[in-house]
Amino acid sequence: MANEHSFDINASVDFMEIKNALESAKKEVAARYDFKGLKTEISLNEKEKTITLLSSSDSKIDALKEIVVSKLIKREIPSAAISEQKRESASGASIRAILKINDTLEIEDAKKITKAIKESKLKVSTQIRGNEVRVAGKSIDDLQSCIRIVKELKLALALNFVNLK
């Protein structure tokens with residue numbers, strides 16, 4: 001048995017799964033009757049970590065967003081990983097919505113996580129390491145309690161608990 005156990009908390013998402021979900025969403029849009037004859041686009045910009053939706057009206061954008069989010073959830077990417085950045089008019093009387101992919105644990109969120117764990121008075125130590133938080137302790141039960149505490153924070157992120165050793 002190891003003397004000390006640890007795990008990492010991060011907010012990363014699998015971009016291959018996002019690509020697969022978007023391809024599946026494009027197929028569904030192509031097959032749906034309410035989108036027949038309308039110009040609709042779903043595109044991914046991996047560099048900027050955005051998904052762009054383009055359609056003729058706000059209601060169609062909402063429907064596209066619902067399709068995309070449902071396909072992402074089926075691919076085990078939580079809806080918290082996606083947030084609407086802006087909605088604007090585009091050329092040709094269409095509307096564009098930009099969805100941001102949240103896959104980075106910001107320093108403020110990392111501080112909230114470490115503060116909540118320290119306030120729990122569990123015998124664990126936390127360390128912010130770039131885009132992740134390392135939690136270490138002698139008892140696996142304490143580490144599992146930390147995971148429960150972090151999940152109860154309800155942060156607007158898709159948190160992953162990895163490398164439990």
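These legends walk through several views of one predicted model.

Local features here need pLDDT of at least 70 and side-chain atom pairs count only at pLDDT 80 or more, while totals for chains, interfaces and linings use all residues. Residues are numbered from 1 along each chain as its sequence is written, and side-chain values use heavy atoms, with hydrogens and water left out.

**View 1. The whole protein chain.** Let us start with the overall layout. The protein chain holds 4 helices and 8 strands, where helices (H or I, at least four residues) and strands (E, at least two) are DSSP runs numbered from the N terminus. Read from that end, the elements go β-α-β-β-α-β-β-α-β-β-α-β. The C-alpha trace spans about 65 × 30 × 25 Å along its principal axes. Its radius of gyration is 20 Å, whereas a compact globule of 165 residues would have one near 15 Å; the radius is taken over C-alpha atoms, and the globule rule is 2.2 Å times the number of residues to the power 0.38. Of the 165 residues, 41% count as buried, meaning under 20% relative accessible area, with exposed over 50% and partly exposed in between (1.4 Å probe, protein chains only).

**View 2. An open sheet of 4 strands.** The strand order is β2-β3-β5-β4, with antiparallel pairing; two strands pair if DSSP finds at least two bridges between them. At the edges are β2 (41-45) and β4, each pairing on one side only. Neighbouring strands of the sheet are turned by 20° against each other on average, direction ignored.

**View 3. Two helices and the sheet.** Helix α1 (residues 15-31) packs on the sheet and touches β2, β3 (50-55) and β5, contact being heavy atoms within 4.5 Å. The direction of α1 makes about 170° with that of β2. Helix α2 (residues 58-74) lies across β2, β3, β4 and β5, and runs at about 140° to β3. For these angles, axes are lines fitted to C-alpha atoms, for helices over the stretch in contact, and values run from 0 to 180 degrees between N-to-C directions.

View 4. Isoleucine 82 has isoleucine 101 of β5 as its bridge partner, and arginine 87 stands opposite alanine 97 in β5. The hairpin has 3 residues between the strands, and glycine 92 takes a positive phi near 75°.

View 5. Glutamate 88 forms a salt bridge with arginine 96, the closest N and O atoms being 3.0 Å apart; the term means a side-chain nitrogen of Lys or Arg within 4 Å of a carboxyl oxygen of Asp or Glu. Glutamate 88 is partly exposed at 27% relative accessibility, and arginine 96 is partly exposed at 27% too. Salt bridges that share partners also join Asp58, Asp62, Lys65, Glu84 and Arg87 into one network. A search of the whole structure finds 16 salt bridges.

View 6. Arginine 32 forms a salt bridge with aspartate 34, with closest N and O atoms 2.8 Å apart. Arginine 32 also forms one with glutamate 28, where the closest N and O atoms are 3.7 Å apart. Each of these residues is partly exposed: arginine 32 has a relative accessible area of 25%, glutamate 28 has 27% and aspartate 34 has 32%.
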